[in-house]
Amino acid sequence: MENQKTILDRRIEVLIWILGIIFIALSARLWQISVLQGEIFKEKSEANRIRIIELRAPRGIIYDRNGEILAEDVPQFQIVFRPGSLGLEEAVSKLEALFKGRIAINPKQRSTNEWILCDNLSLEEVIRFEEARQELPGLSVETIPMRFYPHGEYVFHVVGYVGKVTLQEVEKGDYNIQDFSGKGGVELFYDKLLRGEKGFKKLEVDAKGRVLRVLENQPPHFRNSIALTLDLPFQKFCMNLLKDKKGVIIAGNPRTGAIFSLASSPAFDPNQLSKGMSQEEWEALSRDQSFPLTNRATQALYPPGSVFKLLVALAAAEEMPDLDEKTFFCPGYFEHNDWKYPCWKRGGHGRISFKEAIAQSCNVVFYQLGLQLGVEKLEEYARLLGFGSPTGIDLPGEIGGFFPNPIWKRRQYGEPWYPGDTINLAIGQGYLMVTPLEIYRMICVLANRGVFCQPHLLDRVIDNQRGEILAFEPFQQKVASFKEETWRKVIDGMRLVVKQGTGKACADLGIDLAAKTGTAQNPHGEDHSWFAGFFPADQPEFAFVVMIEHGGDGSGEAAGTARAMIEWWLKNRGKSHD
């Protein structure tokens, strides 16, 4: 009996120890949870109760010089899902049942606990959703700014477009993964100016993810808008002149650098890009052999043909003081080292002066001038006028052309520079390649008698918060200090181009126009057609370049296009050039 009592006591003692240990363990865990991890669980609880929604920053408006809107934000409705009492699949199922297949439900994860289920909702669809909202916990309609370009492809190569940021942009720290940024044109170049400030909403939600109340609301807001020098009606007219063609028209004020039109064709509707494209659509667009995404004015290289003779003429007029007293004989070809180089006029121009050679674009005269000057002197003048380097226009991705020389040829081909290379160079052929904007820069420097005004598109910045307008200060620099006689001789020759030479298509416009045609041979088909000039010749206020790919003779396609462009400007803008 006594033994049984001893056994029972021991069991009770063991049980007490076990209960004691359990109590100590539970107390320790309770202490850990409430004291050591209390703040962590409090934060998690708060996070479940509080939702902070970042509101995308709007971008500033882009205007043309007359206040016409070229790009602006418009509201877009989308349905956002945040997990709560519903899972993603159940939320999608409920939404499909609500709209019965009338809208596409395509979940895209926006952040760790947010999905965009559909976007571009109409107002009627938003109303339908709101009526059923109580049955859709975790789902809500949000309004985001969507970039809209009311004039589509007419301004694509100038204005550009916006798109989702890349991982590289996020890693630089300027953006979050759901942000949008400029991807081309001034949207990219002035991205920091145009970007607004983000806002946020602090919401209290219940266990099912339904919004109970808005705790804090910090709306996003604009910072800056910008106005461009572009003249929208003129830009549209120039783009229409290039309809169904590949080519470029650049026009502006050479004295200020302001660009009125920068038309590059073909182009593309930026609205399709800002809405987002599928991978297949993007790849098809990238493979398009008409290259609509390429700004031909700043990113494409062409042989300049005879418009480059203006640079040879400047060098000759500056280096050969007796040029006015000389005459040249053109039998229709130029013979050098047993090679015959043809003039474009097979029967020859006969005996002509320097100015007449410019007017008639006589190859034979420029062969001779080029050889006398030599490739080193031609390169020296070409560098003065900026060939081989970008102009610095406020557009992204501008490239410089290519000016060849003997060192480059030796490295590239292991061959010496032959006189024939200089002969070809003197008429804008051979290895020489330029962008249309480089030709425009040469024309403007010529118009300004040696002063370079950087071409630019930004006219003014509008501070949306302070209401201030900040005017853009263009960059100007004297780049060529030639004798006044040099400028006069070449510009007089350009006047003759229009009055009695290859630019007669513009002879009866009633203005003092100085210009030059160009017909550039290329190995890929029909010649490229060029026409470039300025007016009034003594006090230039309007300069231009027209280049039509495979347009043939410069005196035809390009000169005819330029004539239509100038007529529009004179009729609609008169003497108000800036």
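Colleague: Over how many bridges do strand S23 and strand S24 pair?
Modeller: This is a predicted model: local features need pLDDT of at least 70, side-chain atom pairs count only at pLDDT 80 or more, and totals for chains, interfaces and linings use all residues. Helices (H or I, at least four residues) and strands (E, at least two) are DSSP runs, numbered from the N terminus. Two strands pair if DSSP finds at least two bridges between them. For S23 (residues 525-535) and S24 (residues 542-548), the sense is antiparallel and the bridges number 7.

Colleague: Which are the edge strands of the open sheet?
Modeller: The sheet has 5 strands in the order S13-S12-S24-S23-S22, with antiparallel pairing. Two of them pair on one side only: S13 (259-265) and S22 (514-522).

Colleague: At what angle does helix H9 run to S13?
Modeller: Axes are lines fitted to C-alpha atoms, for helices over the stretch in contact, and angles run from 0 to 180 degrees between N-to-C directions. H9 (residues 232-241) lies across S12 (247-252), S13 and S24. Its angle to S13 is about 30°.

Colleague: Where does arginine 296 lie, and is it buried or exposed?
Modeller: Arginine 296 lies in helix H12 (residues 296-299). Its relative accessible area is 4%. Buried means under 20%, exposed over 50%, and partly exposed in between, with a 1.4 Å probe and protein chains only. So arginine 296, in H12, is buried.

Colleague: With which side chain does that of arginine 296 make a polar contact?
Modeller: A polar contact is a pair of N or O atoms within 3.5 Å; within protein, one must be able to donate a hydrogen and the other to accept it, and residues adjacent in sequence count only if both atoms are side-chain atoms. For the arginine 296 side chain the pair is 2.6 Å apart, and the partner is glutamate 549.

Colleague: How are H13 and H19 oriented to each other?
Modeller: H13 (residues 309-319) and H19 (residues 484-500) pack at about 140°, with axes 8 Å apart. Angles under 35 degrees count as roughly parallel, over 145 as roughly antiparallel, 65 to 115 as roughly perpendicular and the rest as oblique. Therefore H13 is, relative to H19, oblique.

Colleague: Which residue caps the N-terminal end of helix H16?
Modeller: H16 covers residues 406-413. A side-chain oxygen of the cap lies 3.2 Å from the backbone nitrogen of isoleucine 407. The capping residue is asparagine 405.

Notes:
Residues numbered from 1 in each chain as written. Heavy atoms only, no water. Contact = heavy atoms within 4.5 Å.
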